[in-house]
Amino acid sequence: MVVKEGFIKSWEKFKKQEYLTNKSESYGLNLFNTMQSSFMPLNEPNFGNNYVLDYGDFINVELFGTENLSYEVEIKRDGTVLIDKIGPVMVAGLNLEQATKLVKRKYTETFIGVQAFITLSQIRDINVLITGNVSFPGIYTLSGNSNILQALNMAGGINEIGSLREITLKRNNQNGQIVDLYQAL
């Protein structure tokens, strides 16, 4: 842990010295002058209902009423979860709120007097390729709950010739979405 803290402090000192030497005229580039050791807080992260479920996520199902049971299931590669005494239910591509409503409905249709509560217990890791005008282009593993700003920070930020106004976000080999960090912040 001491080695990691020393590395972070030397990195921040290097970035500050580099900034003082180069004195960037581009507004916002100094946002990336510090290095964050982790994007995940020490306690359990708070997931919004708009988090989209996919392969590798885990959900926790708790049943109360005529059935009292609690179990955790992983979303499989085919996008389904195996719900106890019900069978496979397709949840990949649904946000957490939609998946919760779907699983609750399946239980109320199948059992009388059973209430189901669904929570997200673990999220998947995603690999992202960051190219272009960043300090350290490459492939990075991030939490599935990460955003574009966290990904750029992981890559050392945008370099002097890069732009915060036109960042292309591509998913599934489709045409990229243009992100303007001045508007996003």
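**Paired rings and paired strands**

Guide: Start in strand E5, where glutamine 122 is the bridge partner of phenylalanine 58. This is a predicted model: local features need pLDDT of at least 70, side-chain atom pairs count only at pLDDT 80 or more, and totals for chains, interfaces and linings use all residues. Residues are numbered from 1 along each chain as its sequence is written, and side-chain values use heavy atoms, with hydrogens and water left out.

Visitor: What makes E1 and E5 a strand pair?

Guide: Two strands pair if DSSP finds at least two bridges between them. E1 and E5 share 8 bridges, so they pair, and they run antiparallel.

Visitor: How do you know that E1 and E2 pair?

Guide: The same rule applies. E1 and E2 (residues 69–74) are joined by 6 bridges in the antiparallel sense, so they pair. Isoleucine 59 stands opposite valine 73 in E2. A hairpin of 3 residues leads from E1 to E2.

Visitor: How many helices and strands does the protein chain have?

Guide: The protein chain has 4 helices and 9 strands. Both are DSSP runs numbered from the N terminus: helices are H or I with at least four residues, strands are E with at least two.

Visitor: What parts of the chain does the pair link?

Guide: The pair links distant parts: phenylalanine 64 sits in E1 (residues 58–65) and phenylalanine 117 in E5 (residues 114–122), 53 residues apart.

Visitor: Why is phenylalanine 64 called partly exposed?

Guide: Buried means under 20% relative accessible area, exposed over 50%, and partly exposed in between (1.4 Å probe, protein chains only). Phenylalanine 64 has 40%, so it is partly exposed. Phenylalanine 117 has 36%, so phenylalanine 117 is partly exposed too.

Visitor: Why is the pair of tyrosine 107 and phenylalanine 111 called stacked?

Guide: The ring centres of tyrosine 107 and phenylalanine 111 are 5.8 Å apart and their planes are at 25°, so the pair is stacked.

Visitor: Is tyrosine 107 buried or exposed, and what makes it so?

Guide: Tyrosine 107 has a relative accessible area of 1%, so tyrosine 107 is buried. Buried residues make up 35% of the 185 residues in the protein chain.

Definitions and conventions. Rings of Phe, Tyr and Trp (its six-membered ring) pair if their centres lie within 6.5 Å; planes under 30 degrees apart count as stacked, over 60 as edge-to-face and the rest as tilted.
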